[in-house]
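I opened this notebook to record, step by step, what I looked up in a structure that was new to me. The entries below are in the order in which I went through it.

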Amino acid sequence: RLKSLHKVGRPAAAEARLLPVQASDGCIVDMRHCVECVGRQAALIVGVDAGGEPLPSTAHDALVAQGRTWAQHVAEPWQTLVLSGVYIVVTVCLGAPLATAVGNAALAAAA
């Protein structure tokens, strides 16, 4: 049962930014509880509190580690493409057969 009309938004916000919502007092309490829980959990995920102070968080550390692993995985094809392109330019365009030069150098060093 809807008891009253509540205004949802930041208290310091201008009246134009507030959103009138019809909800029971219990719903408003539930919404506030959800916002508080999300705020706490978001702080643990990003690793800083609302004031910008670092928080010790295993979730944040695990996400950063996973992000670094994923970044290496994503960069791998581009690194391969660039290295292949460099090899082709050096061997075809400049006429310097790298494999033959390395083999000859290894044979000369062994002799």
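The notes that follow go from the whole chain to single residues.

**Entry 1: the chain as a whole**

I began by noting that this is a predicted model, and I kept that in mind for every value written down here. I then looked up the secondary structure and found 3 helices and 2 strands in the chain, which, when read along the sequence, follow the pattern β-β-α-α-α.

I next asked what share of the 111 residues in the chain is buried. The value I noted is 9%. For the surface, I wrote down an accessible area of about 9,200 Å² for the chain, with 66% of that area belonging to carbon and sulfur atoms. I also looked at contacts in the chain with a separation of 6 or more, and found that residues 24 or more positions apart account for 0% of them.

**Entry 2: the loop between α1 and α2**

I turned to Ser57, which lies in the loop between α1, residues 25-46, and α2, residues 58-93. Is Ser57 buried or exposed? I found a relative accessibility of 7%, and because the limit for buried is under 20%, Ser57 counts as buried. I then followed the side chain of Ser57 and saw that it reaches the backbone oxygen of Leu44 at 2.5 Å.

In the loop between α1 and α2 I also looked up Ala50, and here the relative accessible area is 90%, so Ala50 is exposed. I checked the spacing of Ala50 and Gly39 as well, and noted that they are 11 residues apart in sequence and 8.5 Å apart in space, taken from C-alpha to C-alpha.

**Entry 3: a nonpolar patch**

I asked which residues make the nonpolar surface patch of about 320 Å². The list I wrote down is Ile45, Val46, Val48 and Leu63. I followed up Leu63, which is found in helix α2, and noted that it is partly exposed, with a relative accessible area of 49%. Between Leu63 and Ile45, I recorded a separation of 18 residues in sequence and a C-alpha to C-alpha distance of 7.9 Å in space.

**Entry 4: the cysteines**

I looked for disulfides, and the structure holds 0 of them. Cys34 is accordingly in no disulfide, and the nearest cysteine sulfur, that of Cys37, is 6.6 Å away.

**Entry 5: Thr91 in helix α2**

My last entry concerns Thr91, which lies in helix α2 and, at 17% relative accessibility, counts as buried. What does the side chain of Thr91 reach at 2.8 Å? I found that it reaches the backbone oxygen of Tyr87. Leaving aside the neighbours of Thr91 within four places in sequence, I listed Ala96, Pro97 and Leu98 as the residues with which Thr91 is in contact.

Notes
Residues are numbered from 1 along each chain as its sequence is written. This is a predicted model: local features need pLDDT of at least 70, side-chain atom pairs count only at pLDDT 80 or more; totals for chains, interfaces and linings use all residues. Side-chain values use heavy atoms; hydrogens and water are left out. Helices (H or I, at least four residues) and strands (E, at least two) are DSSP runs, numbered from the N terminus. Buried means under 20% relative accessible area, exposed over 50%, partly exposed in between (1.4 Å probe, protein chains only). A polar contact is a pair of N or O atoms within 3.5 Å; within protein, one must be able to donate a hydrogen and the other to accept it, and residues adjacent in sequence count only if both atoms are side-chain atoms. Contact means heavy atoms within 4.5 Å. Accessible areas come from the Shrake-Rupley method with a 1.4 Å probe; for residues, only the protein chains shown count as cover. Patches are made of residues with over 30% relative accessible area and no salt bridge: like charges are joined within 9 Å, nonpolar side chains (Val, Leu, Ile, Met, Phe, Trp, Tyr) within 5 Å. A salt bridge is a side-chain nitrogen of Lys or Arg within 4 Å of a carboxyl oxygen of Asp or Glu. A disulfide is a pair of cysteine sulfur atoms within 2.5 Å.
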